[in-house]
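Me: Hi! I'd like to go through a protein model with you, bit by bit. Can you put it up here?

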Amino acid sequence: MTTDPLDRRRLLARIASGAAAGLLAGCDRLSNSTWFPRVLDRAEAVSETVQQTLVGRQALAREYSEADISRNFRPNGTTNPQDAAYQALAKNNFADWRLELTGLVEQPLHLSLAELRALPARTQITRHDCVEGWSCIGKWKGAPLGPLLDRARPRPEARYAVFYCADSMERTLDGEVKYYESLDLASAYHPQTILAYDMNDAPLPVPHGAPLRLRVERQLGYKMAKYLMRIELVRNFGTIGGGHGGYWEDQGYEWYAGI
């Protein structure tokens, strides 16, 4: 039996997530009520508070050795976005791609992949935990997000970073719904939160999010947005997407998703 406290926390988180998913699946009438979503929101706030108390806001996720790297790292989510603009960028090896950092900032940024690679980098070997129940260990290199935010100079009212991606998840009458995610600024400034452009000592492959993906190692895999195109600092995300802070959160998943 494992004695690793991190593993115990991951197990408890998965049990809680599974219970919540079952509750949502079996209680459509409740989820359509006016009071039940508020109960879930309050429960998530309690979960986040407990995790912060147990682990600490700036505690590091466990980092591993080269020998621990998974031989076959399974990609999560989309593996090849069919968006025409993305496909054109990929054909040119992302030479024309730019990351935008906008919103509640004093100095918007528009950075090429070469410019990101020229910035001070962090390398970390960490475990990716998917909400589906599988895990893999990989080596990631990228630009820490915190210094980029400092360079953009967030305005005092900024509270969240929203990450917009190239992969389309569904088509509605209003058009394509693309993947998006969000972090509070405390998580965005965490030292292990990086914008990764390399995986296992090679340029990030398309199935894993080329040219750039978010790595936020103390949260579940669906928080680690792939195919990044734009980061926006906002006061709140109530009017973005379905208003819950991410594509899967709009479907009922937990927003904080800590492990």
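Reply: Here it is, and let's begin with one residue. Asn 93 counts as exposed, at 63% relative accessibility. Keep in mind that this is a predicted model.

Me: Where is Asn 93 placed?

Reply: You'll find Asn 93 in the loop between α4 (84–91) and β1 (98–103). Its phi is near 55°, a positive value in a residue other than glycine.

Me: Which other residue has a positive phi of about 55° although it is not a glycine?

Reply: Tyr 227 has one. That residue is in the loop between β9 and β10.

Me: Is Tyr 227 buried or exposed?

Reply: Tyr 227 counts as buried, because its relative accessibility is 0% and the cut-off for buried is under 20%. Asn 93, on the other hand, counts as exposed because its 63% passes the 50% cut-off.

Me: Nice. Let's zoom out: how many helices and strands are in the protein chain?

Reply: The protein chain has 8 helices and 10 strands. Of its 259 residues, 46% are buried.

Me: And what about contacts along the chain?

Reply: Take the contacts between residues at least 6 apart in sequence: 70% of them join residues at least 24 apart.

Me: What about the surface?

Reply: The chain exposes about 13100 Å², and carbon and sulfur atoms supply 54% of that.

Me: Back to details. Which residues are buried in helix α6?

Reply: In α6, which covers residues 145–152, the buried ones are Leu 145, Gly 146, Leu 148, Leu 149 and Ala 152. They cover an arc of only 160° around the axis, so they sit on the same side of α6.

Me: Why would residues a few places apart point the same way?

Reply: An α-helix has 3.6 residues a turn, so residues three or four places apart point the same way.

Me: Got it. What follows α6?

Reply: Arg 153 does, and its phi is positive, near 60°.

Me: Now Lys 223. Where does it lie, and is it buried or exposed?

Reply: Lys 223 lies in the loop between β9 (213–215) and β10 (228–234). It is buried, with a relative accessible area of 0%.

Me: What does the side chain of Lys 223 reach?

Reply: It reaches the backbone oxygen of Ser 182 at 2.9 Å. There is also a polar contact of 2.8 Å between the side chains of Lys 223 and Glu 181. Leaving aside neighbours within four places in sequence, Lys 223 is in contact with several residues, including Leu 183, Leu 214, Glu 249, Trp 255 and Tyr 256.

Me: New topic: what is the volume of the largest cavity?

Reply: About 100 Å³. The count comes to 1 cavity of 30 Å³ or more. The largest cavity is lined by 10 residues, and Ser 187, His 190, Val 216, Arg 218 and Gln 219 lie nearest its centre. Val 216 is also one of the residues in contact with Lys 223.

Me: Last stop, the prolines. Which peptide bond is cis?

Reply: The one from Ala 210 to Pro 211 is cis, with omega near 5°. Pro 211 lies in the loop between β8 and β9.

Me: And where is Pro 203?

Reply: Pro 203 is in strand β8, residues 202–203. It is exposed, with a relative accessible area of 58%. Not counting residues up to four places away in sequence, Pro 203 touches Arg 117, Tyr 197 and Asp 198.

Me: How far apart are Pro 203 and Lys 141?

Reply: They are 62 residues apart in sequence and 9.3 Å apart in space, C-alpha to C-alpha.

Technical notes
Residues numbered from 1 in each chain as written. Predicted model: local features only at pLDDT ≥ 70, side-chain atom pairs only at ≥ 80, totals over all residues. Heavy atoms only, no water. Helix = DSSP H or I, 4+ residues; strand = E, 2+ residues; numbered from the N terminus. Buried < 20%, exposed > 50% of the residue type's maximum accessible area, 1.4 Å probe, protein only. Contact = heavy atoms within 4.5 Å. Areas by Shrake-Rupley, 256 points an atom, 1.4 Å probe, with all protein chains shown as cover. Arc of directions from axis to C-beta. Polar contact = N/O pair within 3.5 Å; in protein donor to acceptor, adjacent residues only side chain to side chain. 1 Å grid on protein atoms, 1.4 Å probe; cavity = no way out; pocket = protein on both sides within 12 Å on 5 of 7 lines; lining within 4 Å. Points joined across faces, edges and corners; volume = space filled by probe spheres on them.
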